[in-house]
Each structure stands twice: as structure tokens, then as C-alpha cells.
Amino acid sequence: MADPVDRRNAPVLQVVMLVILGTAPPIWAYRFSLLKDVPWREDETLGFALSMGFYALAGFSLYLVRTGRFQWAVRQLMVVTAVLMLVSHSSVGFTGNRFEHPLLTVWIVTTGLMIGRAAVWTMCLAVLGAFALGVRVDVMAGEPASGMVTDGIISGLMFVLITAVVDRAATALRESLAAEKLRSDQLVVSNEQLEAEIRERERVMDQLVHARKMEVVGRLSSGLAHDFNHLLGLVQGYAGKGLQSAEPAAMREALQGVDGASRRAVAVATRLLDFGRADARSLETIDVATAVNDLRPMLRQLLSPDIAIDIEAPMVPVHIRFDPAQFELMVLNIAANAGDAMREGGHFSISVDASDGHARIRFSDTGIGMSEPVRRQVLEPFFTTKARGEGTGLGLALVSSMVGDAGGRIDVSSAPGEGTDLVIRIPAIAPDTPTRARRELAGSAG
């Protein structure tokens, strides 16, 4: 059922139908079996026919409600009820139906709540019409006209008052439900807009991460060129040594040197290409100490030779849930900023430990440091102290976003001329899945 009011009213109407179906047959069974010695009256034939008709109607209405046709069920029930009420009063009279008048209140309430304003006032008119027919029948049968008319008018006014109250209450209920439905629809639209904005933010975030990757890759390329020149020098040296020697053993040793140097060159290039790929984010369980140690060659390429690198990591693994590529980007971003702060050389250190259920990664440099206003804004997007064209202001902002998504936080302490300490805390987890290092080790063993 699309209408929320109908969905709420359907159980009540079904209960009413079940009550009718459960009470009418036993009443007539009692009349036919236990009261069989009581003479059958003419009005009982009409009553029996009307009761059986209403019984069948209740069963059919219950079927309609169960199949989702609520309004059809309730409208036909009220129409037949109004007709039976008019027939009963025109045949038995007002006094003969007096004990059924409280039941008419149920039909007024049912019509108002389940159909609407027009229907409830139509049912009220049917009640007034039935009362008028019943009074007429009683007067023609010899009852005092003044007393019957007064009784009928008083009863009619009571039902008009009941109808007005039901009408007002039902209208207020429907207006309240309509307003609630409107708010619900607005919330659905707002939720869809929010989901679209989240998807767009994730898309932009992925683009920013990849752009920052490319920026870091560009900076790594200078160090990579230095390493490649060194490796090519080794290859040339081993090749010259082999060419100058006629000894098979010496030639074999030279070829092994060429092979080793070329393998190192391939490994360096592959590592850089893997880092630069625009892969989708993939959360994995990684050992922070292993991941940091694996980045030592790339850190050496990224930072100037005048900068000493020190990495301290515990022997016991410290596991977190993080995207491996984003973890590498996070460390290299911080290292790149530290390198910019130590143009004349210095010392860059990374330490890893576990504390209070968190993995703690501390980055320290001996650079120029930051003033307090700069320190407060250093994690904000697009904030940079570099000259135009030298920085985007996205490096540490991306780091902050990645750490926040992992449920962690960043603390930055610095002062002019005293270097910078940046501490990242990320919730540690149990190693429920293999780390990347263990998978690579298993793959190489296989």
C-alpha cells in the first residue's frame, strides 16, 4: 500500500473483520440450537438475512485488504453498512435499533479515519436518515410523536458532534502524516545529494592523491637518475673487466656483476612505476615497521645526499589497516617536506612504536622549523609557505585526510630554527590477514 495512513489502518480493519466473522455465526447458532423452542419472529428472518449478508461482506473485505486493495474494501464495507442501517431502521424502527446505536459510532470513526472527510459526513447523513426513518416507523406504530422526535433529534445531534470530532482528528492526522512524508522525501533527496557529494569528494580525493604521487615521482626521478648512472657505471665496469680478461672464471664473475647491477636497476624502476600507478584504494593489514624499512631506498633517492636518514623500528610487528600505496605516499610526502626544510643538509629520522593500542610513527627533522601561526595551518589544504610554482599545499593536507580516514590523528610540534616533529597515531589491529611483506616473501619462496 502506497498510502502510509492505509498501511497503519489495515491491521485495525482486519481485526474488525475477524471479530465480525468470529461473532456472527455463534450468535445465530445459539438462536437455532439452544433457543429452538422460542417461536421464530418475522423480523428475525430479515435480521438473519442481513447478518449473513454482512458476514459474507466482512469475509470479502478481509480478502481485499489481504490482497492490498484497502480502499476498495473499506469503501464497500461502509456503503453496505449504511444501506443495512437504513433498511434496519425502516423495518424495525428507532427503538428497536437503540441497542445498536453505540456500534454506529464505530462506523463513523472507521469512515473518518480510513476514508476521509467527505465519507465521514456522508455516513453521518446516513445515520441521521436512518434515525428519521426509525422515528417515523415508531410513530406510525403508536409511539408518542413528540417524545420520539425529541429522542431522535438528541441522538442525531450527538452523532453530528461525534462526526465533527472524528473529522477534525482524522484531518489533523492526515495533515501530520503528509508533512512527515514530505520531510521524509526531502531527507531522501538530501541523502542522495550527500551520497553524490561523497562520491565526488572521493573521486577528487583520488585525483589529488594521484597528482601528489606524480609530484613525488618527479622529485624521485632525480635520485633515480643518480642511482641509474651509478648502476650503469657498474655495468660498464664489469663489462670492461670481462672484455679485458681471457679467464673464463673472471668473465663469469664480470657477467654476474653485470647481472646483479641490472637486476637492481630493474627493481628500482619497478618500484617507482608501481608507486606511480593510479590504482584504486585497497585497505590491507600492513606492518608499519616493515613498510617504513621498505621505503628506505626511495627515501634515499628523494632526499639530498647531505641529509642523513635514520629509521628505528621495533622487532615486534605493529599492524594497522591502511592502503599500502597511500602509506608510501604519506611517508614520502612528509619526507619531501622535511627535505625542503633542510636545503643545507641535516638529519631526518623515523621511529615506530606501539602505545595505548595505537601505532605511533614519529618523523623528525633538523630543518628551519615553523612559526606558531604556520604550525597551526600546516595541515590545511592549499596552505604553503613556498614560492609560487614550488608547492601546491596539498601534501600534508592529504596526509591528514588519509590518517583521519584510518581513525588516527596527527600532532605537529615545531619552532623556528629547532626543526619539526610530526607524530602520527593510527589504531593498531591484530594481524588477522597476511601483511604485504609476508605475501611477497611467500611469493618469492614459491
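Which residues make a nonpolar surface patch of about 340 Å²? Select Phe60, Tyr63 and Trp72 to see this patch. Areas come from the Shrake-Rupley method with a 1.4 Å probe, and for residues only the protein chains shown count as cover.

A note on the model: it is predicted, with local features needing pLDDT of at least 70, side-chain atom pairs counting only at pLDDT 80 or more, and totals for chains, interfaces and linings using all residues. Residues are numbered from 1 along each chain as its sequence is written, and side-chain values use heavy atoms, leaving out hydrogens and water.

Stay on Trp72, in helix H3 (residues 70–92); helices are DSSP runs of H or I with at least four residues, strands are runs of E with at least two, and both are numbered from the N terminus. Trp72 is partly exposed at 46% relative accessible area (buried is under 20%, exposed over 50%, partly exposed in between).

Next, select Asp356, in the loop between strand E4 (346–355) and strand E5 (358–365). Asp356 is exposed, at 73%, and its phi is near 55 degrees, a positive value in a residue other than glycine.

Now go inside, to Phe363. Beyond its neighbours within four places in sequence, Phe363 is in contact (heavy atoms within 4.5 Å) with residues including Val331, Ile334, Phe348, Ile350 and Ile424.

Methods:
Patches are made of residues with over 30% relative accessible area and no salt bridge: like charges are joined within 9 Å, nonpolar side chains (Val, Leu, Ile, Met, Phe, Trp, Tyr) within 5 Å. A salt bridge is a side-chain nitrogen of Lys or Arg within 4 Å of a carboxyl oxygen of Asp or Glu. Buried means under 20% relative accessible area, exposed over 50%, partly exposed in between (1.4 Å probe, protein chains only).
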